[in-house]
Amino acid sequence: MHTAIVLSLTKYSDTGSIAHLYTAEQGRMQYAVYGNKYKGILRPLFIVEFTSTKRQNAPQQNGSLSSVSLVYAPKQLATDVQRQCVAMFIAEILLFTLRHPMSDQPLFDWLCSIIRHLDTDLDISNLHLQFLIEYASYLGIGIDDAEHPDWYVAPTSRGERQQRLRELCAYYAEHIEDFPSPKSLDILMEVFD
């Protein structure tokens with residue numbers, strides 16, 4: 001059994017999907033999922049345990065999921081639109097940046113703590129900004145607080161929050177090759193309007 005954070009589930013045929021998972025031991029992995037039996041628990045930022053089998057015809061040659069069980073599902077994601085949008089944004093950033101299978105237990109543990117904060121913190125209006133600032137260090141592109149001191153001060157208004165989000169996404173685009181503009185960015189800005 002391996003523990004993983006679900007990044008996404010992408011349909012690729014009438015009967016199959018690709019689960020993008022992040023594990024502490026192997027980093028980002030992709031597994032084929034046949035049918036709909038795990039669709040309910042393979043949701044972005046859910047934490048799962050899984051086993052896999054190797055198949056010759058499996059996409060990306062990582063095999064297919066043979067069993068999946070839920071370890072942690074943020075309860076408030078089911079009813080809180082703001083939390084859903086932050087989760088969608090974080091998962092999208094992780095999909096863009098976690099490109100290789102590499103072991104990183106500290107990153108995995110930190111991501112699990114961010115997921116728990118997303119579920120339990122009363123005020124999450126700046127969580128996505130905090131995530132981007134802290135995550136940059138894990139990516140090796142840490143943000144210098146002397147160069148950007150204002151980024152370390154929590155914004156208090158909608159306008160400040162939107163400006164900071166644009167600046168942080170531009171910083172990521174400048175430092176990470178082929179970093180696209182997140183599709184969830186506009187939605188996130190609207191939800192915190």
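1. Axes are lines fitted to C-alpha atoms, for helices over the stretch in contact, and angles run from 0 to 180 degrees between N-to-C directions. The model is predicted. With that in hand, take H3 and helix H4 (residues 158–175): their axes lie 10 Å apart, at an angle of about 25°. Angles under 35 degrees count as roughly parallel, so H3 and H4 are roughly parallel to each other. The crossing of H3 with H4 is left-handed.

2. Now the residues behind that packing. H3 contributes His128, Leu129, Phe131, Leu132, Ile133, Tyr135 and Ala136 to the contact, while H4 contributes Arg161, Arg164, Leu165, Leu168 and Tyr172. By class, the H3 and H4 contact holds nine nonpolar residues, one polar and two charged.

3. Next, H1 and H3. Helix H1 (residues 81–97) and helix H3 (residues 127–138) have axes that come within 10 Å and cross at roughly 20°. H1 and H3 are therefore roughly parallel to each other. Here the crossing is right-handed, whereas H3 passes H4 in a left-handed one.

4. On the H1 side, Val86, Phe89, Ile90, Ile93, Leu94 and Thr97 make the contact; on the H3 side, Leu127, His128, Phe131, Leu132 and Tyr135 do. The contact of H1 with H3 has nine nonpolar and two polar residues, and no charged ones.

5. H1 has another partner. H1 and helix H2 (residues 105–120) pack with axes 10 Å apart, at an angle of about 165°. Over 145 degrees counts as roughly antiparallel, so H1 and H2 are roughly antiparallel to each other. This crossing, of H1 and H2, is right-handed.

6. The residues of H1 that meet H2 are Arg83, Val86, Ala87, Ile90 and Leu94; those of H2 are Leu111, Ile114, His117, Leu118, Asp119 and Thr120. Seven nonpolar, two polar and two charged residues make up the contact of H1 with H2.

7. The largest pocket holds about 310 Å³ of space. It is lined by 15 residues, of which Thr97, Leu98, Arg99, Met102 and Leu139 are the closest to its centre. The lining of the largest pocket divides into nine nonpolar, four polar and two charged residues.

Notes:
Residues numbered from 1 in each chain as written. Predicted model: local features only at pLDDT ≥ 70, side-chain atom pairs only at ≥ 80, totals over all residues. Heavy atoms only, no water. Helix = DSSP H or I, 4+ residues; strand = E, 2+ residues; numbered from the N terminus. Parallel < 35°, antiparallel > 145°, perpendicular 65-115°, else oblique. Left-handed = near helix turned anticlockwise from the far one by under 90°. Contact = heavy atoms within 4.5 Å. Nonpolar A, V, L, I, M, F, W, Y, C, P; charged D, E, K, R; others polar. 1 Å grid on protein atoms, 1.4 Å probe; cavity = no way out; pocket = protein on both sides within 12 Å on 5 of 7 lines; lining within 4 Å. Points joined across faces, edges and corners; volume = space filled by probe spheres on them.
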